[in-house]
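Subject: Structure for your review

Dear colleague,

Please find below the structure that I am handing over to you.

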Amino acid sequence: MILLGFLTVTVLAIIQLRDLFAVVMLFGIYSFLAAALFVTLDAVDVAFTEAVVGAGIASFLMLGTLALTVRREKTRRKRTLIPLLVVGVVGATLIYGTLDMPHFSDPSAPVHLHVAPHYLESTQAEIGIPNVVTAVLASYRGYDTLGEIIVIFTAGLGVLALLGYRKQREKP
Amino acid sequence: MANPAQPYNMVLRVAAKMLIPLILMFALYVQFHGEIGPGGGFQAGVIFAAAFILYALVFGMGTARAVVPDRLLRVLTGTGVLLYTGVGLASLLAGGNFLDYSVLAAEQVEGQHLGIFLIELGVGITVASVMIIIFFAFAERGVRP
């Protein structure tokens, strides 16, 4: 609960600030807080990823982007009601949608009744490794992880195609 | 980017030299220990890349470029994906479904271990090299000569 409060404060600060450097730093803090939250939920693998990617590499890449662009956010004087209305309606719809969701850590929630028991019970016999998360990611859901790695590969290709290496062009 | 000719970042350089091997070791630990503790190829790849990013920050882009050549990085990016798909195809050829590692070895559990090890390795290689590539691309673009 305290962590969630911190998260909210960080987000409000991010919205308020115009200095993008500070915003990037706050995003890093946000990621660390989220990682701490995941640890309290016993999702250590997710927390690990969040800390490493969200706080580590993402901040770095954002700083790199800042170095290429400008540091201050453009302030827009004109205020429009329609975006606010859209955001409000969408937010209200989402909150309305959560009312039907099962309570947190409810053992009879659909997500705990579908394939999760099978994974938990038969990982030892079928895969034989202690970390069930790795078993699910790498074996049961191998296709998804393959998709993920191809996404990363494509991201690398995209950055190379857009930013490229200047060396070839600059050589006279 | 840090200028390697500046004498005052001596502390930074010594500290980085001490830290980088530890970071690399930790990345390898996360990579190969992912089946037992938290972690796996993805996290390991990012940590591995972080070591190189630290190196580039402290010792300058030129030195870092000399350590990891462009060509190698580009080859490695594809190698990871190919390794992953290769494991899938190997299990297909061995008579199972795509990415069904059970058929890779005589016993099901052994096959699963082998398959998970290999695909995590593929994930790690691709993630690490893509992260380094992206960082280099951004950093080199930022340097205005």
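A residue is called buried if 20 or more other C-beta atoms lie within 10 Å of its own, exposed if 12 or fewer do, and partly exposed in between, with C-beta atoms placed from the backbone. Helices (H or I, at least four residues) and strands (E, at least two) are DSSP runs, numbered from the N terminus.

This is a predicted model, in which local features need pLDDT of at least 70 and side-chain atom pairs count only at pLDDT 80 or more, while totals for chains, interfaces and linings use all residues. Residues are numbered from 1 along each chain as its sequence is written, and chains are lettered from A, and ligands numbered from 1, in the order in which they are written.

Chain A

Chain A has nine helices and zero strands. Its radius of gyration (taken over C-alpha atoms) is 21 Å, well over the 16 Å that the globule rule (2.2 Å times the number of residues to the power 0.38) gives for 172 residues, so chain A is more spread out than a compact globule. Along the principal axes, its C-alpha atoms fill a box of roughly 60 × 50 × 30 Å. Of the 172 residues in chain A, 19% are buried.

Helix α7 of chain A, residues 132-140, is mostly covered, with seven of its nine residues buried. These are V133(A), T134(A), A135(A), V136(A), L137(A), A138(A) and S139(A).

Where the chains meet

Two residues are in contact if their C-beta atoms, placed from the backbone, lie within 7 Å. By this criterion, 39 residues of chain A are in contact with 44 residues of chain B. On the chain B side, α2 (41-59), α4 (70-93) and α5 (108-142) each give two or more residues, and α5(B) gives the most, with 23 residues.

The largest nonpolar core

A nonpolar core is a set of buried Ala, Val, Leu, Ile, Met, Phe, Trp, Tyr and Cys residues joined through C-beta atoms within 7 Å. The largest one has 61 residues, of which V46(B), A49(B), M131(B) and F135(B) touch the most other members. Both chains supply it: α2 (20-40), α3 (44-68), α7 and α8 (142-162) of chain A, and α1 (10-33), α2, α4 and α5 of chain B, each give at least two residues. The most come from α5(B), with 17 residues. Leaving aside residues up to four places away in sequence, A49(B) touches I57(A), A128(B), M131(B) and I132(B).

Yours sincerely
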